[in-house]
Amino acid sequence: MNAREKGLDLIERYLHKVGEELPRAQRDDVKAELRSLLAEQLDERVAAGEPPEGAAIELLQSFGKPDDVAMRYAPPGRYLIGPHLYPYFLFFAKLNFYIVTGLFVFWSVFGMVTGNTRLPEFLRPDSLLDWVSSWIDLLALNLGLLVVVFAILERVQRAEGASSAKKESWDPRKLPPVPAAVDPDRISEPAILGKIYAIVVLAVMLNFFPRWLGVLIFSNQGTLAIPYTAFGVFLPIPLLNVWWGGALALNLWLLNLRRWTREARWVELALNVLGAGILFIVIRASSFAFDPQWLDGQPEKLGSIVQRSLPWLGNALRSVLGVILLCSVVEALVRLFRILRRYPLF
Amino acid sequence: MTGPTQPEVLDGLALELRRGALVLAVLSQLHDEQYGYSLKKSLARAGLEIDEGTLYPLMRRLEMQGLLKSRWRVEDARPRRYYQISARGESTLRTLTGEWKELAKVLEGLLK
């Protein structure tokens, strides 16, 4: 990079930082205007004999810090939480969401595992509604407190900023580089190939070697393989084959297309929904009760602790599948929202 | 925590005094189309120094308030956003000029 390019790179990094703090609707236009103004002033200084990088640094320092400049583009008093504090607010809001949701899911699963709650009771409409409404209540309470705290901080910070006319010096060279644009439709070939491999392996194992899928227990007396059927798990193999066939076809299609398309996104969503449906069938149709006949002739390979925990393993498996089902439903809804936002129907 | 120093207090008050005049100064110079940098230079020639980080957002805000209009033009292979006072801006300028002159008269009397 020559000296002029370094100067222009500093300007681009500055504009990217200002843009991050601006409302999306204004961003491109403000950046274009500032780019034209800054480039012209830089060229003037360079024509007057100043070194480009030094001229760019002085120019940007006299302009002001990126978040201060971005704030000035907003009408005064408009923000409850201004651009400077908003990234921190967003971070804590997300943290609040993950912690509250995680705690709710953990306590529900824990209740099922310890036998305080059974999955069929949990899935009853009134019980689910209670769960969802308590979850929303706690999320809303925490979010409300967060908004109040940050709104107060915003006003305190604004009052302190207005009372000080002193411009603090800052170094534009410390601005982070502009990140490369992310193509949302780009596929990762290694990931697709990995998925195809996993689908083929699972399909072959489940169709031709079902006894190999289950729990492998190592002990001093030897190794014992307990297939999934010993835990009363029912797998709808034909439906699973349809799902795997669809997933395989989708991934092969993506390899051929070399990028995601609207149609491929819809197919992915349909497979997501089908997968969730299959999980639901598995949970409803399985007893998750460990069949002790399976241990005939082989109990000496297990310690007493393992023997006592085998029935518990069935319950744990039910809980895990329940959580996976919940995550699949949430994932499907998020996918649907993203598809409709990216490719509006109207 | 220590409070602001005397020069900082003075700077802050001087800034507030000038801030009130900026809108009037900007509107008064945009009867003809100008872009941000050319306006900064013409105000500086008239004795009013404004830093770019204040002037350019101010011009955009005045446009959002309907007092200025703007358009992109390409000159010397360089795209520039040119601003000009709008009809509403002209009427606001007349009102503000009247208020400024009144205020100046009052202050002159107070400061004798």
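1. Let us start with Arg60(B), which counts as buried in this predicted model, with a relative accessibility of 6%. Arg60(B) forms a salt bridge with Asp29(A), and their closest N and O atoms are 2.9 Å apart. Because Arg60(B) lies in helix H3 (residues 52-64) of chain B and Asp29(A) in helix H2 of chain A, this pair joins two chains.

2. Asp29(A) has another salt-bridge partner to look at, Arg81(B), with the closest N and O atoms 2.2 Å apart. This pair joins two chains as well, because Arg81(B) lies in strand E3 of chain B and Asp29(A) in helix H2 of chain A. Arg81(B) is buried at 11% relative accessible area, whereas Asp29(A) counts as partly exposed at 26%.

3. Staying on helix H2 of chain A, please find Gln26(A), which belongs to that helix. Gln26(A) is buried, with a relative accessible area of 14%. Setting aside neighbours within four places in sequence, Gln26(A) is in contact with Tyr73(A), Arg60(B) and Met64(B). Arg60(B) is the buried arginine of the opening point.

4. Now for the wider setting of that helix. Helix H2 (residues 24-47) of chain A lies across E1, E2 and E3 of chain B, and runs at about 110° to E3(B). Those 3 strands make an open, antiparallel sheet in the order E1-E3-E2. Strands E1 (34-35) and E2 (68-75) of chain B stand at the edges with a single partner strand each, so one side of each has no neighbour in the sheet.

5. E1(B) pairs with strand E3 (residues 78-85) of chain B in the antiparallel sense, over 2 bridges. Within this sheet, Gln34(B) stands opposite Tyr83(B) of E3(B).

6. Here is chain B as a whole. Chain B contains 4 helices and 3 strands, and from the N terminus on its elements follow the order α-β-α-α-β-β-α. Of its 112 residues, 32% count as buried. Among contacts in chain B with a separation of 6 or more, 46% come from residues 24 or more positions apart. The accessible surface of chain B is about 7,100 Å², with 57% belonging to carbon and sulfur atoms.

7. Back to charged pairs: the count over all chains comes to 26 salt bridges. A network of salt bridges links Glu40(A), Glu33(B), Arg71(B), Arg73(B), Glu75(B) and Arg80(B). For a pair inside chain A, see Arg335(A) and Glu331(A), whose closest N and O atoms are 3.2 Å apart. Both lie in helix H11 (residues 304-342) of chain A, 4 residues apart, or about one turn of the helix. Arg335(A) is partly exposed at 23% relative accessible area, and Glu331(A) is partly exposed at 38%.

8. Chain A also has a nonpolar patch on the surface, formed by Tyr88(A), Phe91(A), Phe92(A), Leu95(A), Ile99(A), Leu103(A), Phe106(A), Trp107(A) and Phe110(A).

9. Finally, visit the loop between helix H4 (66-73) and H5 of chain A, where Gly82(A) lies. Is Gly82(A) buried or exposed? At 0% relative accessibility, Gly82(A) counts as buried. The C-alpha atoms of Gly82(A) and Leu153(A) are separated by 9.8 Å, although the two are 71 residues apart along the chain.

Definitions and conventions. Residues are numbered from 1 along each chain as its sequence is written. Chains are lettered from A and ligands numbered from 1 in the order in which they are written. This is a predicted model: local features need pLDDT of at least 70, side-chain atom pairs count only at pLDDT 80 or more; totals for chains, interfaces and linings use all residues. Side-chain values use heavy atoms; hydrogens and water are left out. Patches are made of residues with over 30% relative accessible area and no salt bridge: like charges are joined within 9 Å, nonpolar side chains (Val, Leu, Ile, Met, Phe, Trp, Tyr) within 5 Å. Accessible areas come from the Shrake-Rupley method with a 1.4 Å probe; for residues, only the protein chains shown count as cover. A salt bridge is a side-chain nitrogen of Lys or Arg within 4 Å of a carboxyl oxygen of Asp or Glu. Two strands pair if DSSP finds at least two bridges between them. Contact means heavy atoms within 4.5 Å. Axes are lines fitted to C-alpha atoms, for helices over the stretch in contact, and angles run from 0 to 180 degrees between N-to-C directions. Buried means under 20% relative accessible area, exposed over 50%, partly exposed in between (1.4 Å probe, protein chains only).
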